[in-house]
Amino acid sequence: MDEILINGGNRLSGEVRISGAKNSALPILASTILSGGECVITNLPRVVDVLTMGKLLGILGAKVSHEGNRAVIEADMIASTEAPYDLVKTMRASVLVLGPLVARCGEAKVSLPGGCAIGSRPVNLHLAGLAKLGAEISIEHGYITARAKRLKGARIYCDTPTVTGTENLMMAASLADGVTMLENAAKEPEIVDLAHFLVKRGARIHGAGTDVITIEGVPQLHGGDHDVIPDRIEAGTYLAAGAMTRGEVTVTHCHPSHLEAVLMKLREAGADVQEEKDMVHLTMPGTLKGTDVKTLPFPGFPTDMQAQMVALMSLAEGTSVITETVFESRFMHVEELRRMGADIRVEGNRLVVTGRKALTGAPVMASDLRASAGLIVAGLAADGLTQVQRVYHLDRGYERLEEKLRALGADIQRRPMTTKMQ
Ligand code: UD1
């Protein structure tokens, strides 16, 4: 197992190119099994979750050739309709093959994702939606089984907007008989990206990016090409790191319109943020100021940027209240940030962060992908050495993180861990 060592205090400065969005790449890859024909996907981030999805598609029978940021997938034959536990337990987003498999093959068996460091993450809305489309759902021996000779279009209302749930149902409904209306759908840019790819392949989808998506089912899709959108969370993370180190950071190859809520909060925190067509420049001319943040589904402030914002606020002047409304217990980074000297009080789903003059480096443990990003951001500004352990979480979602930060001037390196962790 590796650890990341950061000697904090360097002011970050320069440009960083943003990679493709992991959360777009995963559903887009999963959707390739909806049909035969060649799918060529580019701007894939080189992260472990994308490799895991490639492995899963291979298990299902697709021919996957993946090199660098490009993959060519041909799913002319589906050899298996089962997503095994060993794979699903490493990546919850494996559940994204459920909708495509049942829609195309009439059956799917997907391991039920287990517990998660950010609280309970049920898939009941995915299942209720598929049941509305006519699938017979059962849960036995830790596996979800869905069966339907052919799915039938239906009106589906989601109690809570769910990102992967909306994606699963949009994919399944693309091959259903008749029209499906998904109400209270999630509106994240990654859903729009998936819809664009499906439409290129012959699907009839309207309204992606709004809370009502209409899908007119078609008998089959064909192959197609697609360039994955940039990762808005990666962009937000580098901007937060720039603000945290009083630096000057430009993120390039991104979509500023996907980052509005984050940019607004960075401005409230005192950053000077300039948007251009596909880049954002950030400088910190004055003091870092405390600001309140509430996570919400898109276009609200993303929960995937909460930990990075908590790190930032722990060095800001005054008191900030960070409210997490998307996940029930996504505060695993708090104890670790406290070990670095942060003053954070947990009150239910709110964090009250009182800014400190300085943080101090410490050994800390990553608990999930974005919590790890929060610890990295904190370590970049802390005095002395921060050792971030369990970095495999980071590798799931950040492409070449140390390399990109080093290019911005950070003193950061990765090394195999020498001591055994408890
Ligand atoms: C996706 C993202 C993740 C991000 C999250 C919220 C991917 C691969 N992952 O996760 O990075 O943090 O959106 O923006 O795209 N819920 C239910 N029942 C369900 C499904 C969800 O109650 O069947 C609840 C969840 O517990 C949570 C809320 O809905 O409270 C939103 O979760 P959801 O949007 O589904 O998150 P994911 O799609 O898992």
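**Sheets, helix packing and backbone features of the predicted model**

Ile 4 has Val 388 of strand S23 as its bridge partner. Residues are numbered from 1 along each chain as its sequence is written, and side-chain values use heavy atoms, with hydrogens and water left out. Helices (H or I, at least four residues) and strands (E, at least two) are DSSP runs numbered from the N terminus, and two strands pair if DSSP finds at least two bridges between them.

S1 and S23 belong to an open sheet of four strands, in the order S22-S23-S1-S24 and with mixed pairing. The edges are formed by strand S22 (363-365) and strand S24 (411-416); each has a single partner strand, so one side of each lacks a neighbour in the sheet. From one strand to the next, the twist averages 25°; angles run from 0 to 180 degrees between N-to-C directions, and axes are lines fitted to C-alpha atoms, for helices over the stretch in contact. Helix H12 (residues 369-381) packs on this sheet and touches S1, S22 and S23, contact being defined as heavy atoms within 4.5 Å. The direction of H12 makes about 35° with that of S1.

A further open sheet of four strands has the order S2-S15-S17-S16, again with mixed pairing. Strand S2 (13-17) and S16 are its edge strands, each pairing on one side only. The twist in this sheet averages 15° from one strand to the next. Strands S16 (residues 272-275) and S17 (residues 279-283) run antiparallel and are joined by four bridges. These two strands form a hairpin with three residues between them. The bridge partners in S17 include Thr 283 for Asp 272 and His 281 for Gln 274. Helix H8 (residues 232-244) lies across S2, S15 and S17 and runs at about 170° to S15. Helix H9 lies across S16 and S17, at about 150° to S16.

Two packed helices are described by the angle between their axes and the distance between the axes. Helix H4 (residues 98-105) packs with helix H6 (residues 163-174) at an angle of about 15°, the axes being 7 Å apart. H4 and H6 are therefore roughly parallel to each other, where angles under 35 degrees count as roughly parallel, over 145 as roughly antiparallel, 65 to 115 as roughly perpendicular and the rest as oblique. Their crossing is right-handed, that is, the near helix is turned clockwise from the far one by less than a right angle, anticlockwise being left-handed. H4 contributes Leu 98, Gly 99, Pro 100 and Ala 103 to the contact, and H6 contributes Asn 168, Met 171 and Ala 172. By class, five of these residues are nonpolar, two are polar and none is charged. Ala, Val, Leu, Ile, Met, Phe, Trp, Tyr, Cys and Pro count as nonpolar, Asp, Glu, Lys and Arg as charged, and the others, Gly among them, as polar.

Helix H5 (residues 124-132) also packs with H6, at an angle of about 20° and with the axes 8 Å apart. H5 and H6 are therefore roughly parallel to each other, and their crossing is right-handed. The contact comprises Leu 125, His 126, Gly 129 and Leu 130 of H5 together with Thr 164, Gly 165, Asn 168, Leu 169 and Ala 172 of H6. It has four nonpolar, five polar and no charged residues.

H4 is mostly covered, with six of its eight residues buried (buried, under 20% relative accessible area; exposed, over 50%; partly exposed, in between; 1.4 Å probe, protein chains only). The buried residues are Leu 98, Gly 99, Pro 100, Leu 101, Val 102 and Ala 103. Their cover includes helix H1 (22-31), H2, strand S7 (107-111), H5, strand S9 (143-147) and H6. Gly 106, which follows H4, has a positive phi near 85°.

Most residues other than glycine have a negative phi, and most peptide bonds are trans. Asn 43, in the loop between strand S3 (38-42) and helix H2 (48-60), has a positive phi near 60°. At 23% relative accessibility, Asn 43 counts as partly exposed. His 253, in the loop between strand S15 (248-252) and helix H9 (260-268), has a positive phi of about 55°; its relative accessibility of 36% makes it partly exposed. A cis peptide bond, with omega about 10°, joins Phe 298 and Pro 299. Pro 299 is in the loop between strand S18 (293-294) and helix H10 (306-313).

Technical notes: This is a predicted model: local features need pLDDT of at least 70, side-chain atom pairs count only at pLDDT 80 or more; totals for chains, interfaces and linings use all residues.
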